[in-house]
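Colleague: I am new to this one. Could you walk me through how to read it?

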2 protein chains.
Amino acid sequence: MNIDMIHAAAARLEGKARKTSLLSSPLLDEIAGRQILIKPECLQHTGSFKYRGGYSAISALNKDKCTTGVIAYSSGNHAQGIALAARQHDMQAVIIMPNDAPAIKIANTKALGGRVVGYDRATENREDIGAKLSNEHNLTLIKPYDEPQVIAGQGTTGLEIAEQAAELGVNKAQVLVCCGGGGLTSGIALALAEHAPEMTVHPAEPENFDDTARSLKSGERVANEKSSGGMCDAILTPTPGELTFPIMKSHCPSGFVVSDEEVLTTMALAFQCLKIVIEPGGAVALAVALFCKDTLETDTVIAVASGGNVDYQMFQRALKTLN
Amino acid sequence: MNIDMIHAAAARLEGKARKTSLLSSPLLDEIAGRQILIKPECLQHTGSFKYRGGYSAISALNKDKCTTGVIAYSSGNHAQGIALAARQHDMQAVIIMPNDAPAIKIANTKALGGRVVGYDRATENREDIGAKLSNEHNLTLIKPYDEPQVIAGQGTTGLEIAEQAAELGVNKAQVLVCCGGGGLTSGIALALAEHAPEMTVHPAEPENFDDTARSLKSGERVANEKSSGGMCDAILTPTPGELTFPIMKSHCPSGFVVSDEEVLTTMALAFQCLKIVIEPGGAVALAVALFCKDTLETDTVIAVASGGNVDYQMFQRALKTLN
């Protein structure tokens with residue numbers, strides 16, 4: 001895993017991934033007491049940065065391997081990223097999704113050409129279904145973060161941050177990244193270590209699911225006590241990844257943690273000031289920028305708004321904080 | 001009023017206005033039965049395209065004129081565009097706003113340093129109030145649409161549409177533009193006549209406030225029966241402008257009209273598929289793309305999402321259509 005792989009992923013993604021432009025708002029700067037630049041990956045194809053990693057991985061598949069398609073397990077953002085990227089490569093994508101996944105996520109994955117195979121969370125095992133389908137149909141499994149070409153794809157977000165911030169005269173900043181398994185955080189950290197060495201990358205997590213922050217503190221991968229029940233569904237992984245953690249350990253000095261209430265307020269402020277839709281798991285980094293201002297250090301902070309695939313009921317809950 | 005003025009405005013706006021990137025969504029394309037490209041000016045500074053015209057006009061003011069400040073009448077978006085542009089030129093901005101303007105527009109205008117003067121839409125004439133204050137305080141009036149440098153600024157949206165669509169291989173398209181007084185519509189029409197001559201521009205309006213569509217049909221400026229009460233506050237002007245109408249008459253074959261219900265559904269679909277926040281008046285063009293599909297003709301349509309300054313209560317109303 002190195003910077004060359006990120007450059008190569010960027011070349012493959014050229015003309016495919018959207019170069020999402022940095023946003024800002026005078027009102028948010030006022031709240032934070034410093035300049036905040038927002039990288040709105042909710043505006044990326046499929047509504048999250050996951051398209052970058054999905055496309056990167058699929059476009060890097062060995063053509064000689066006679067792969068007829070790809071398979072992924074996901075109830076959300078990785079599913080949609082893989083579905084679109086596979087369609088663009090004329091490959092089939094089989095996505096194993098729980099029957100009780102939000103209807104809109106199933107509809108979007110199907111609209112992107114994905115073949116959704118439902119399973120019952122209570123009585124069926126998705127790995128078994130996946131192994132069976134994979135063998136029968138010769139499908140390649142694309143993991144959500146512990147896969148070098150996925151990390152490389154997510155890292156292209158970091159290349160853009162370095163370039164776009166420099167255009168605004170910003171070379172030094174704390175860069176806050178919503179963190180689940182660490183694919184996006186580690187990819188951005190590698191990209192910035194090369195292209196913006198005065199920037200430091202910090203994972204951002206919700207309370208009770210701060211495995212990465214605690215792992216960075218202790219120096220080794222630790223797990224969350226809870227495995228479900230959190231609001232930030234997109235980033236509730238049990239531990240940092242095997243591949244991603246060593247990268248984060250080398251490059252990320254510390255992690256930040258915010259409360260669910262701060263996340264909801266942040267979603268509402270992004271609605272009001274930026275006109276973008278962020279899902280809970282995509283709002284934690286901006287929440288850190290707004291609510292951890294006393295522990296942040298740089299005049300400018302950059303927050304990645306990593307996704308926007310949120311049900312309207314949850315969004316209505318966020319809007320109520322404006323009342 | 002000519003294309004050179006638009007090019008000059010683009011030069012002044014370089015590094016100031018955001019070059020908002022075209023968005024798209026497979027699900028929206030499916031609903032529309034064709035490709036839709038969305039120009040998201042809700043992501044522009046101040047949450048609408050109006051910053052372009054405001055900055056263009058203020059930056060074009062004759063410095064010898066000893067203007068101490070500017071004055072504008074606006075339901076909210078022009079107000080914010082003028083307030084920010086004035087602040088960037090170290091000028092005061094006085095804004096005449098209807099008392100029933102969305103609270104967020106009034107609050108944001110004040111936050112940007114604008115001095116807000118209220119009036120009653122039904123009983124008072126904003127032009128009269130503007131002329132009076134302008135004379136008394138030596139302020140330069142910046143009209144919201146019947147002002148060549150404002151039209152030139154809004155026209156820069158058209159330059160970007162031509163360039164960005166061409167990059168996607170799209171040269172022929174019906175371009176749908178949310179239309180109040182016609183500043184944005186006429187500016188875009190002039191820009192595209194020069195840079196994308198196979199594109200045709202069509203104003204989009206809400207029912208009961210379709211003065212431009214009816215004026216284009218009759219060949220002369222006709223007025224709306226109602227002057228208030230519509231949901232699409234940003235575009236409820238009584239008639240097309242004196243300067244803008246001749247331009248639209250030359251370049252726009254016809255206008256389209258949508259219902260309030262279609263507008264609300266469109267706001268919800270933009271939330272769901274594009275992750276952007278659009279206000280009612282900023283959603284009419286995309287509503288045409290989605291709901292007038294039998295009368296549209298081109299394989300690709302381009303819809304300008306002109307603004308996103310909507311109160312959360314109205315947005316919640318839109319989200320309820322997803323129920």
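Colleague: How many bridges join strand β2 of chain A to β5(A)?

Modeller: Strands pair if DSSP finds at least two bridges between them. Here 3 bridges join β2 (residues 69-73) of chain A to β5(A), and the two run parallel. Within β5(A), A:T140 stands opposite A:V70. This is a predicted model, where local features need pLDDT of at least 70, side-chain atom pairs count only at pLDDT 80 or more, and totals for chains, interfaces and linings use all residues. Residues are numbered from 1 along each chain as its sequence is written, with chains lettered from A and ligands numbered from 1 in written order.

Colleague: What is the order of the strands in the open sheet?

Modeller: Strands are DSSP runs of E, at least two residues, and helices are runs of H or I, at least four, both numbered from the N terminus. In chain A the order is β4-β3-β2-β5, an open sheet of 4 strands with parallel pairing. At the edges are β4 (115-119) and β5 (139-141) of chain A, each pairing on one side only. From one strand to the next, the twist averages 25°.

Colleague: Which helix lies across these strands?

Modeller: Angles run from 0 to 180 degrees between N-to-C directions, with axes fitted to C-alpha atoms, for helices over the stretch in contact; contact means C-beta atoms, placed from the backbone, within 7 Å. Helix α6 (residues 126-137) of chain A lies across β2, β3 (92-98), β4 and β5, at about 180° to β2(A).

Colleague: How many helices and strands are in chain A?

Modeller: Chain A has 13 helices and 9 strands. Its C-alpha atoms fill a box of roughly 55 × 45 × 40 Å along the principal axes.

Methods:
Contact = placed C-beta atoms within 7 Å.
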